Amino acid sequence: MSGWRRGLVVLAFAGLAACQSIPYERDGVLPPPVVVADASPERAALNARVYDAAVGWVEKLFYAKDFHGVDFAGEAAARRAEAIAQRDEAGFYGALEALVDKLDDDHTQTLSPTRRERIAAGEAGDRRPGYGIVLMPRGDDRYVARVRPDTPAATANVQVGWKVETINGVPPRFASPTQEGKADTVVFLDETGDRYTVELTPVPLDPLPRTEARRLEGDIAYIRFDGFDRETYDWYKAEFAKLAEAPPAGLIVDLRTNGGGSLALTGLSLSFLFDREIDFGVTTGRFINRRYTSEGPDRPYLGPVVMIVGPGSASGGELYPAVAQELKRAVIVGERTRGAVIGSRAVELPDGGAIRIGIFDMTTPGGARLEKVGVIPDVPVDIDWSALREERDPALAVALTELAKMAARTTVPSGPQTAE
């Protein structure tokens, strides 16, 4: 999880004082990229500086001192010459990402200057080049969860449920950022094993909404939000104020696209479902060993809650339902979550890029470690690609059924009663 610097948890962050010399990424500050010519001596020299800096920070900060049994120093040394020889930013960051991928930690990853700019543009609501597909992570694989109409992917008849095998010859998680007007070769695999090779040329697309709130039939409130950041938290807080003014019969919280964010904001968001102070996480690492607590708001929502989760639920998107499940505050439906619950920080690199590093381990207050395990739903609902292609949502239907069961169990019979 990121976002420690926001400082919204009850406990102070004195444990980070020893790390102030580390060039952590700052919110809202995007350093200018260092521009050098491709395949030039300057490119090689910059690659060397960035590579050595990234390796050094991982060795200094990574939470697992044994590097999960990987000889990280040996791997870094063996791969260094090839990485430095890469002719451009895309090739270099592909090599650097392949190195940190050896750690088998979803939170330790690289961000090239170009990718950082794309992320910042998306957060600002700017248009970004894309094919028109929304990908769903399932382990290390990526599947098409949605095809936006009137986009290159729709024109090429790309289907929901197809696995993205490669983009320009590499797995999608290692692929370079898309460039407007530059065609990419994308290989898909359908559910029967048939392979489709498609040329897709990215076009500027508006970002999809990161939040959604509506009332469903039966006066059920539904909210979806894709992360735990300041802007989303402000929206979330406003939505719960509306719930306090007009309490619904039940609440569905959809976390299937929630990739996490600030630990502090995860705890604050969860507190809106309780009328008391709650613990929401325990961390252990090189710098921080601590239990985190959040007080409940003045007007929480205390009605029945169902949360929908899946492989796209990660980090805070897992801790939030895990603690609710542990405290018996919500019924969890859907698929097992990603199992990526490690605290991380992004460190600036010399070229304007960054490397995000897992710096502490985490459990629920009850001691459950979610890393590589995930949240196991109370009511499993397997993915049904055919239903999604028809724009049906089986998990949502099950969530509504569970709320109806909860309502039936709490309904008080009307009319005179006879004691036996």
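**Figure 1. Salt bridges in the predicted model.** A total of 28 salt bridges is present in the structure, which is a predicted model.

**Figure 2. The salt bridge between R127 and D206.** The closest N and O atoms of R127 and D206 are 3.0 Å apart, and the two residues form a salt bridge. R127 belongs to the loop between α4 (113–123) and β2 (128–130), whereas D206 belongs to the loop between β8 (203–205) and β9 (211–216); the pair therefore ties together parts that are 79 residues apart in sequence. R127 has a relative accessibility of 52% and so counts as exposed.

**Figure 3. The salt bridge between R215 and D219.** In this pair, the closest N and O atoms are 2.6 Å apart. R215 is partly exposed, its relative accessible area being 39%. D219 is likewise partly exposed, with a value of 36%.

**Figure 4. The salt bridge between R291 and D279.** R291 is joined to D279 by a salt bridge in which the closest N and O atoms are 3.2 Å apart. R291 lies in strand β13 (residues 290–294) and D279 in strand β12 (residues 278–285); the pair, twelve residues apart, links distant parts of the chain. A relative accessible area of 39% makes R291 partly exposed. D279 also counts as partly exposed, at 26% relative accessibility.

**Figure 5. The largest nonpolar core.** This core comprises 68 residues, and L251, L273, M307 and Y320 are those with the most contacts inside it. Helix α1 (residues 41–61) contributes nine residues, the most given to this core.

**Figure 6. The surroundings of L273.** L273 is one of the residues with the most contacts inside the largest nonpolar core. When neighbours within four places in sequence are left aside, L273 is in contact with F240, L251, Y301, L302, V305, M307, Y320 and R329. Of these partners, L251, M307 and Y320 are also named among the residues with the most contacts inside the core.

**Figure 7. A separate nonpolar core.** Another core, of 15 residues, lies apart from the largest one. Its members include I220, V306, A395 and A399.

Methods: Residues are numbered from 1 along each chain as its sequence is written. This is a predicted model: local features need pLDDT of at least 70, side-chain atom pairs count only at pLDDT 80 or more; totals for chains, interfaces and linings use all residues. Side-chain values use heavy atoms; hydrogens and water are left out. A salt bridge is a side-chain nitrogen of Lys or Arg within 4 Å of a carboxyl oxygen of Asp or Glu. Helices (H or I, at least four residues) and strands (E, at least two) are DSSP runs, numbered from the N terminus. Buried means under 20% relative accessible area, exposed over 50%, partly exposed in between (1.4 Å probe, protein chains only). A nonpolar core is a set of buried Ala, Val, Leu, Ile, Met, Phe, Trp, Tyr and Cys residues joined through side-chain atoms within 4.5 Å. Contact means heavy atoms within 4.5 Å.
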